[in-house]
Amino acid sequence: MDSQNKDNPVAEVVVAVGDCSEEDARALLDLLERSFPAGTGSGSAVQGGQAATVWSATLDVAKPTEPAEGPAAPVRLKAAARVTLQGSPRAVERVQATLAGHFDVEDMGAVSGDQEREIGLRVRSRS
């Protein structure tokens with residue numbers, strides 16, 4: 001079971017975004033970082049640059065942020081993006097559900113280990 005202890009790595013999900021523009025990657029990661037609080041020492045930040053093909057962040061999903069007043073503006077992507085989530089099964093499910101609440105999400109396959117799950121997704125703006 002995920003703990004709300006920020007030092008518990010079970011609540012962390014590594015998110016990698018690729019096959020898209022830097023603008024789309026930043027939009028996806030910004031949305032996720034607004035949805036989940038930054039954990040102490042999580043190193044949550046977009047990594048990459050002009051030559052980067054993958055951008056990543058580490059999220060602490062133990063406790064989602066409180067919803068802001070009023071609905072947030074929808075995030076629009078210029079094109080589909082590939083998103084890989086890696087962490088405990090329950091934590092990965094939380095991030096996947098958040099993405100599914102904002103985008104069309106296609107499951108591209110998953111690998112499950114003893115206590116960790118990695119899932120590949122194709123994320124698109126809703127029509």
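Is arginine 122 buried or exposed, going by its relative accessibility? At 19%, arginine 122 counts as buried. Buried means under 20% relative accessible area, exposed over 50%, partly exposed in between, with a 1.4 Å probe and protein chains only.

Some ground rules. This is a predicted model: local features need pLDDT of at least 70, side-chain atom pairs count only at pLDDT 80 or more, and totals for chains, interfaces and linings use all residues. Numbering starts from 1 along each chain as its sequence is written, and side-chain values use heavy atoms, without hydrogens and water.

Now the fold. The protein has two helices and five strands, in the order β-α-β-β-α-β-β. Helices (H or I, at least four residues) and strands (E, at least two) are DSSP runs, numbered from the N terminus. Of the 127 residues, 37% are buried.

Next, salt bridges. There are six. The criterion is a side-chain nitrogen of Lys or Arg within 4 Å of a carboxyl oxygen of Asp or Glu.

Back to arginine 122. Its salt-bridge partner is aspartate 19, with the closest N and O atoms 3.8 Å apart. Arginine 122 sits in strand 5, aspartate 19 in the loop between strand 1 and helix 1, 103 residues apart. Aspartate 19 is partly exposed, at 48%. Asp19, Arg82 and Arg122 form a salt-bridge network.

Two further pairs. Arginine 124 in strand 5 and glutamate 106 in strand 4 are 18 residues apart. Their closest N and O atoms are 3.3 Å apart. Arginine 126 bridges to aspartate 104 at 3.7 Å. Arginine 126 is partly exposed at 35%, and aspartate 104 is partly exposed at 36%.
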